[in-house]
Amino acid sequence: MTDKSLVASGKRTIEIETQALERLGNLLDESFADTCECLLETRGRVIVIGMGKSGHIARKIAATLASTGTPSFFVHPAEAGHGDMGMITHEDTVLAISNSGSTDEILALLPLIKVLGIPLISMTGNPESPIAKSSDFHLNVGVETEACPMGLAPTASTTTALVMGDALAIALLETRGFTSDDFAFSHPAGALGKRLLIKVSDLMYSGAQLPRVPQDMPLKNVLLEMTAKGLGITTVVDQDNNLKGVFTDGDLRRVLDANIDISEATAKDVMHADPLRIRENKLAADALGIMEERKITALVVVDENNHPAGVIHLHDILRAGVI
């Protein structure tokens, strides 16, 4: 095949699957709403089952549901017939995915699902199939043609099933009022989860690690405090521990450029007054935003009385995966 024919083949596949999705939108009706209501009323979990390529789609749908506020997991139909049926309880709902609607491994489970007395939702390409007919709710994900020129490899049909699963997950998410905080709770190890969960207090240096000097401290001693704490910054406070300023490595360079006598200067003489600050209950991502905007590497953390409570450093935010 030439490059031109390869590109043409790729475009043809995309066009076929795009048409399948347009048709899917036209097929959506009240049964979709009924299915959503069933899932919202489920007290247990949504058990998603499917064989072969439909099984791969089922796994993804279960994962999407679980991460967006609808407890769900995948059960392999063949394994269910050999013990995994015990994973399904009387409070669950089963979502069966089968393009043909006549997958033997799923058909074998139908009597057991009926014995449990739990709802069965099916997602098939044939509303007249045995699985569809046995279901309490059916979603038609049928396609007129597969992208495979032989009509054998599941392509358009798996795409429509996947998109229908996404449609269910998002409809349920919106109905439940699922928030970004809820999503972060389900994704604590991901970048988004870290942005929404990690607070300034989790990363700041406080207590004995907090660099702090009085306003009248000689600059040479200020430098010793900065060196000892190793953050490239120190807070400067008055006699009541109110934050009055900061002194940083950058300020030291400016002092040297200005030929200021280090032996005579005090912290008050060289500090940057009224510095940027943040509260410890704020998100580390907020601190990162301030640092990026103002091109600084450390930020003072203050309490409700404007007393220094800590220092948060850019390197620790990035090391924690907050990006």
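In the predicted model, the side chains of R277 and D274 form a salt bridge, with an N to O distance of 2.9 Å. R277 is partly exposed at a relative accessible area of 26%, whereas D274 is exposed at 63%. This pair belongs to a set of 10 salt bridges found in a search of the whole structure.

Another salt bridge joins D251 and R254, where N and O are 2.6 Å apart. Both residues lie in helix α13, which spans residues 249-257, and their spacing of 3 residues separates them by about one helical turn. The two partners fall into separate accessibility classes: D251 is buried, with a relative accessible area of 9%, and R254 is exposed, with a value of 52%.

D92 and R45 form a further salt bridge, in which the closest N and O atoms are 3.1 Å apart. D92 is located in the loop between α4 (77-80) and β3 (93-98), and R45 in the loop between α2 (30-41) and β1 (46-50), so this bridge ties together parts that are 47 residues apart in sequence. D92 has a relative accessible area of 1% and is buried. R45 is partly exposed, at 27% relative accessibility.

Strand β3 also takes part in strand pairing. It runs parallel to β4, and 5 bridges join the two strands. Within this pairing, S98 has T124 of β4 as its bridge partner. Strand β4, residues 120-124, pairs as well with strand β5, residues 137-140, again in the parallel sense and over 4 bridges. Here M123 stands opposite L139 of β5.

The residues of β4 are mostly covered, 5 of 5 being buried. Burial applies to both faces of the strand: L120, S122 and T124 are buried on one side, and I121 and M123 are buried on the other.

The largest nonpolar core contains 24 residues, of which V48 and M123 touch the most other members. Two or more residues of this core come from each of the elements α2, β1, α3 (52-67), β3, β4 and α8 (156-176). In soluble globular proteins, nonpolar side chains tend to be buried together. With residues up to four places away in sequence left out, the contacts of V48 are A58, A62, L65, S72, F73, F74, V75, L95 and I97.

L231 was examined as a buried loop position. This residue is found between α12 (219-229) and β7 (233-237), and its relative accessible area of 8% places it in the buried class. Apart from residues up to four places away in sequence, L231 touches Y205, Q209, P211, M226, V311 and H313. The C-alpha atom of L231 is separated by 60 Å from that of I118, a residue 113 positions away along the chain.

Note on methods: Residues numbered from 1 in each chain as written. Predicted model: local features only at pLDDT ≥ 70, side-chain atom pairs only at ≥ 80, totals over all residues. Heavy atoms only, no water. Salt bridge = Lys/Arg side-chain N within 4 Å of Asp/Glu carboxyl O. Buried < 20%, exposed > 50% of the residue type's maximum accessible area, 1.4 Å probe, protein only. Pairing = 2+ DSSP bridges. Core = buried A, V, L, I, M, F, W, Y, C linked by side-chain atoms within 4.5 Å. Contact = heavy atoms within 4.5 Å.
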